[in-house]
Amino acid sequence: MKAKISEEKLKAVIAFHGHWCPGLATGIRVSEIALEEIGHAGDEDVVAVAEADTCAVDAVQFLTGCSVGKGNLILKNIGKMAFSFYRRSDGKALRIVSRPNVSRGTNDEYRSLQEKKNAGSITEEETARLQELRQEHCTRILGSEIEDLFDIKKPLEPVPPFAPMKKSLLCDACNEMVMETKARLSDGRTLCSHCFERLVPRP
């Protein structure tokens, strides 16, 4: 199944993210699966868990309605291009895992140039060639069948709990408010994590 995203929505996703890249294209295809199998998120009825802080996360946030601010887009950064989606109403859930050819590119030239870019040793000519290959890879991702891009599995963990709504406390050191669940106690003082790390000696 080729990507069904309209040209108008594609431009909107790119504008939201800031640039066009294979990671964003991957996120678009992940979102298509999630929308078809799980549905669009209203409030917290649908939950997404991202396993890496990649460009794909922005596409998922923009297209599925899951967002960090609502607490139903959760980042568990273990470095994998994988997303789990859960529908609370009936328990339906799935995990979408990118296949190696998607994350690494499709040929040795692409991977070699990307490694040079990562190492800071790429030339201007090579940069231009890499950009050309990246654009081709984006087009390939949008035009590929889903089964060639991803493995669909069961989630590794159960559905996450609802985002906690806790009161805030005043840090006794910096006088800034901190969520109760993130506060630390030391010698009877309430501290935010920053002040705790700064003021409390390590054993």
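Predicted model: local features only at pLDDT ≥ 70, side-chain atom pairs only at ≥ 80, totals over all residues.
1. Residues are numbered from 1 along each chain as its sequence is written, and side-chain values use heavy atoms, with hydrogens and water left out.

2. On the overall make-up, the secondary structure of the protein comes to 8 helices and 9 strands, where helices (H or I, at least four residues) and strands (E, at least two) are DSSP runs numbered from the N terminus. The C-alpha atoms fill a box of roughly 60 × 50 × 30 Å along the principal axes. Of the 203 residues, 38% count as buried, with buried meaning under 20% relative accessible area, exposed over 50% and partly exposed in between (1.4 Å probe, protein chains only). Among contacts (heavy atoms within 4.5 Å) between residues at least 6 apart in sequence, 65% join residues at least 24 apart.

3. Turning to the sheet, 5 strands form an open arrangement in the order S2-S1-S3-S4-S5, with mixed pairing; two strands are taken to pair if DSSP finds at least two bridges between them. Strand S2 (73-75) and strand S5 (150-153) are the edge strands, each pairing on one side only. Neighbouring strands of this sheet are turned by 20° against each other on average, direction ignored; axes here are lines fitted to C-alpha atoms, for helices over the stretch in contact, and angles run from 0 to 180 degrees between N-to-C directions.

4. Strand S3 deserves a paragraph of its own. Strand S1 (residues 46-50) pairs with strand S3 (residues 82-87) in the antiparallel sense over 5 bridges, and within this pairing Val46 has Arg87 as its bridge partner. S3 and S4 also run antiparallel and are joined by 5 bridges, with Ser84 standing opposite Arg95 in S4. The hairpin of S3 and S4 has 5 residues between the strands, and Gly91 takes a positive phi near 85° in this hairpin. Because 5 of the 6 residues of S3 are buried, S3 is largely enclosed by the rest of the structure.

5. Arg87, which lies in strand S3, counts as partly exposed because its relative accessibility is 22%. Leaving aside neighbours within four places in sequence, Arg87 is in contact with Glu37, Ile38, Asp45 and Lys92. Arg87 and Gly39 are 48 residues apart in sequence, yet their C-alpha atoms are 8.1 Å apart in space.

6. In the loop between H3 and S2 sits Ser67, which is buried, with a relative accessible area of 17%. Not counting residues up to four places away in sequence, Ser67 touches Gln61, Asn72 and Leu73.

7. The axes of H2 and helix H6 (residues 124-143) come within 9 Å and cross at roughly 5°. H2 and H6 are therefore roughly parallel to each other, since angles under 35 degrees count as roughly parallel, over 145 as roughly antiparallel, 65 to 115 as roughly perpendicular and the rest as oblique. On the H2 side, Pro22, Ala25, Thr26, Ile28 and Arg29 meet Arg134, His137, Cys138, Ile141, Leu142 and Gly143 in H6. By class, this contact has 6 nonpolar, 3 polar and 2 charged residues (Ala, Val, Leu, Ile, Met, Phe, Trp, Tyr, Cys and Pro count as nonpolar, Asp, Glu, Lys and Arg as charged, and the others, Gly among them, as polar).

8. A search of the whole structure finds 2 aromatic pairs, where rings of Phe, Tyr and Trp (its six-membered ring) pair if their centres lie within 6.5 Å, and planes under 30 degrees apart count as stacked, over 60 as edge-to-face and the rest as tilted. Phe16 and Phe62 form a tilted pair, 5.3 Å centre to centre with 45° between the planes. This pair links distant parts of the chain, Phe16 being in helix H1 (residues 7-17) and Phe62 in helix H3, 46 residues apart. Phe16 is partly exposed at a relative accessible area of 40%, and Phe62 likewise counts as partly exposed, at 34%. The rings of Phe83 and Phe85 have centres 6.4 Å apart and planes at 20°, so this pair is stacked, and both Phe83 and Phe85 are buried.
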